[in-house]
Amino acid sequence: QIQLVESGGGSVQTGGSRRLSCAASGYTTSRKYMAWFRQAPGKEREGVAAMYTGSTSTWYAAFVKGRFTISQDNAENTMYLQMNVLKPEDSAVYYCAASYDIRVGDSPLVPARYRYWGQGTQVTVSS
């Protein structure tokens, strides 16, 4: 079991930056996939960025590539999402998630492939 708690959400103006954090506790020692997803009102949850812990492997959705960066601090069992050049369409509830069950070659940006989820943190980008 893994418990995930997101923080760092809030309001920001267009073009601004925000850093989200995801603190993991529980059984965190094994290597696993961790990811950020987001869900805006009336829309499906979508993958934003993912990583395989303990490695340099990362994946990004096309709509955030070059603007967002996913990273980890192994010592603190914390994952981050640095978001730059934010746009109003980035407004959503952002969730972190973890999975041990993604097969090599499968996209780690698919929500259904994740078992463990945080409660989400709201990010609002105003124009």
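Contact here means heavy atoms within 4.5 Å. All views show a predicted model.

View 1. Leaving aside residues up to four places away in sequence, T78 touches S21, C22, A23, S71, Q72 and D73. The relative accessibility of T78 is 12%; because buried means under 20% relative accessible area, T78 counts as buried.

**View 2. Strand β5 and its burial.** Strand β5 comprises residues 46-52. The strand is mostly covered, with 5 of its 7 residues buried.

**View 3. Antiparallel pairing of β4 and β5.** Strand β4, formed by residues 33-39, pairs with β5 in the antiparallel sense over 6 bridges. Within this pairing, A35 has A50 of β5 as its bridge partner. The two strands, β4 and β5, form a hairpin with 6 residues between them. In the turn of this hairpin, G42 has a positive phi of about 80 degrees.

**View 4. Antiparallel pairing of β5 and β6.** Strand β6 consists of residues 58-60, and its antiparallel pairing with β5 extends over 3 bridges. A50 stands opposite W59 in β6. The hairpin of β5 and β6 has 5 residues between the strands, and G54 in this hairpin takes a positive phi near 80 degrees.

**View 5. A50 between two partners.** A50 of β5 is the bridge partner of A35 and also stands opposite W59 in β6.

Terms used: Residues numbered from 1 in each chain as written. Predicted model: local features only at pLDDT ≥ 70, side-chain atom pairs only at ≥ 80, totals over all residues. Heavy atoms only, no water. Buried < 20%, exposed > 50% of the residue type's maximum accessible area, 1.4 Å probe, protein only. Helix = DSSP H or I, 4+ residues; strand = E, 2+ residues; numbered from the N terminus. Pairing = 2+ DSSP bridges.
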